[in-house]
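Me: I have a chain to go through and would like a few plain answers about it. Can you take my questions one at a time?

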Amino acid sequence: MRMRRLFGLLLGLALLSSLAVQAQGRAALEDALRRDIERARDKVFPALVNILVVNRYFEGGRAQYALGGGSGVIVSPDGLVLTNYHVASDAVRLFCTLTTGERLEAEALWHDAMTDLSVLRLKAPANSPKREFPYAQMGDSDALKTGDYVLAMGNPLLLASSVTLGIVSNPKRVFLNPFNQEIEGAEFERGDRSGMLTRWIQHDALILPGNSGGPLVNLQGEVVGINQLGGGGIGFAIPSRIARSVLEQVRRTGRVERGWLGFRAMPVEKLRRTDGVLVASVTPNSPAESAGIQPGDVIVRIDGKPVSARFPEEIPLVYLQIAELPIGKLVPIELLRNGEQRTVQVRVERMEPYYGEEDEFRTLGFTARDITRPMARASRLPEEGVQITGIRPGYPLDTAEPKLNVGDAIVQFGERKIRNLKDLREAIEAHREQENIPIVFQRRTETLITVIRNRPPSPPSLSTELPKAWLGVRTQVITQPVAQALGDPNLKGFRITEVLPYTEASKAGLQVGDLIVALNDEPLEAFRTQDARDLERRIERMDIGAEAKLTVVRNGERREIRVKLEPSPASAEAVRSIRQNELDFAVRDITALDRMRNRWREDQQGVLVTDVPNGGWAQLGGLRNGDLILAVNEQPIQNLQDFQQVMQTVVQQQPPVVILYVLRDRETSFVFIEPDWKEITQ
């Protein structure tokens, strides 16, 4: 009995001793972590800045202003500051408050929407001696591992500077649809996107509004990222590798330039490959198109260096590799096409930002922005001109006849051609004493003329009806102001604004700018906005197949053009459609009107997707309404019959991946649908 008590006492002492040792060990670890945190904090905290901005934004046809803010970090002794593009890009004034409480004005050196980074420079007070600022060292984001401790520093809710602790959840995060393998970027309020070049550092250090642009710091006291967004306990930071590259370029050249080849990349894992990158689409008039690169090619080397994107997370590395190519250099690209290896030579071009500069034209009551080449390609805009972004009610631009709309592109103002905002400013100044000013503008595929006046007119009332017989043009009435702009105040009739392709009107030689003044030798007396449909009504009363004799004025000369009237093209409602039940989407044959309106080739084939319900396999794979399916599992699709036959084989064979080659918004792409066939066919 006594031995048992002694044994129990000894065992209890041993347990107490073990617990004490463990407690001491935990305390030692906690003390070590605390010391690491304090050391890292002390290295970076003095370089933290609270940024207050006066933002300018454009709405309702005028410039407006608002306060905003975020965080930043000083990264050089001469006062260079890194922050987010979405914090500083719209700023007309920038103020940076140091952790000492000192407040300095700053200037923006460069805004880089592609990476959501801006580089600022602190401005010392006038007549103050030259000084060095406390600054933080840039670390190596590539060395981060899941589970590493990180500190997020910033100014949440624009309050005093703060520090939060977390761990790295994923050092190479990309946003993507898991079925269609498309990378999605982060989108900001005005539509700028970031993500093509970025693999974010995901972490759980608390991020709140106002933390944007602040540093993400490792326990060595190095900046390994610039915090970009967060919420719900998750934060995302731009890696320091990218931030350092932007900073070094701005320091060296005052700007950031990147190489561009003009193709969109997708991973090759769905093709059962481990190397290379799939070309999903090729941008028209791009270096890639000029070199003969085609959708479906698998690129394996660029400028002698291997290219590999097996998984979506590796796609940004491909774009970064291209971005680092010297602009203007002719580089070899090795690719595989239908199993055959080829080498093409591509001239590297400069990557352009998507959005151009925007400004207000207060006296006329509108805002507009420069048109960049990427905007022109994506939105069917001219490469020279300015796009209207807002019209202020009651101001001169709102009085135009015909009306101008947001999205229209001004290509001529008065007698001056307009290439950019600078040209427009000069043209407005040159015409400021003129009462009626003609403007040539483009609206999608139409080229129109309007006239703005100093007093607001009554808005035109337009009506639309489908004629029985059809002339394949679009027109505007030659009103008296338009006639004066054209140089002949006595002109009446209609001006051709668009000639639809593949029509009898196009074959007959009608051109944009032709003035139709008579039909079948009867003068057209239209000169008011309410006469807009007179020509249509007269054509409507004629027989389909009849010949219309048009008297037109072209370059000041009268001529007669005879056009065979054709029936109006079939509407979408008149075309048969079918539903693919297994994958859950509907398609129909394309019509001649589809080809004309979309500016597709006259012989364009395929089937048009008309319905993709939420929750179906097609929707999960990324198929969209309006996609034109060109091939299914490499089998060309010309019409509904082809589609039905190919899909019948697909359902019988039940492949793990159904690959759709589609035309989407004038770009080709690949959609990967991975259905659960057992679930579908049971």
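Me: Where does Leu381 sit?
Reply: Leu381 is in the loop between α6 (373-379) and β28 (386-391). Helices (H or I, at least four residues) and strands (E, at least two) are DSSP runs, numbered from the N terminus. This is a predicted model, in which local features need pLDDT of at least 70 and side-chain atom pairs count only at pLDDT 80 or more, while totals for chains, interfaces and linings use all residues. Residues are numbered from 1 along each chain as its sequence is written, and side-chain values use heavy atoms, with hydrogens and water left out.

Me: Is Leu381 buried or exposed?
Reply: Leu381 counts as buried because its relative accessible area is 11%. Buried means under 20% relative accessible area, exposed over 50%, and partly exposed in between (1.4 Å probe, protein chains only).

Me: What is Leu381 in contact with, leaving aside neighbours within four places in sequence?
Reply: Leu381 is in contact with Ile371, Met375, Ala376, Gln387, Gly407, Ala409 and Gln442. Contact means heavy atoms within 4.5 Å.

Me: And how far apart are Leu381 and Ala40 in space?
Reply: They are 51 Å apart, C-alpha to C-alpha, and 341 residues apart in sequence.

Me: Another loop. Where is Asn211, and what does it touch?
Reply: Asn211 is in the loop between β14 and β15. Beyond its neighbours within four places in sequence, Asn211 is in contact with Ser71, Met153, Gly154, Asn155, Pro156, Leu206 and Asn227. With a relative accessible area of 2%, Asn211 is buried.

Me: What about Leu208?
Reply: Leu208 is found in the loop between β14 (200-203) and β15 (215-218). Leu208 counts as partly exposed because its relative accessibility is 34%.

Me: Which residues form a nonpolar patch with Leu208?
Reply: Leu157, Leu159 and Leu206 form the surface patch with Leu208, and together the four have about 370 Å² of accessible area. Like charges are joined within 9 Å, nonpolar side chains (Val, Leu, Ile, Met, Phe, Trp, Tyr) within 5 Å. Accessible areas come from the Shrake-Rupley method with a 1.4 Å probe; for residues, only the protein chains shown count as cover.

Me: Which residues of α3 are buried?
Reply: Ser240, Ile242, Ala243, Val246, Leu247, Gln249 and Val250. Their cover includes β3 (80-84), β5 (103-112) and β6 (117-123). Just after α3, Gly254 takes a positive phi of about 80 degrees.

Me: Last topic, the whole chain. How many helices and strands are there?
Reply: The chain has 14 helices and 47 strands. Buried residues make up 48% of its 682 residues. The C-alpha trace spans about 130 × 80 × 50 Å along its principal axes.

Key
Patch = residues over 30% accessible without salt bridge, like charges linked within 9 Å, V, L, I, M, F, W, Y side chains within 5 Å. Salt bridge = Lys/Arg side-chain N within 4 Å of Asp/Glu carboxyl O.
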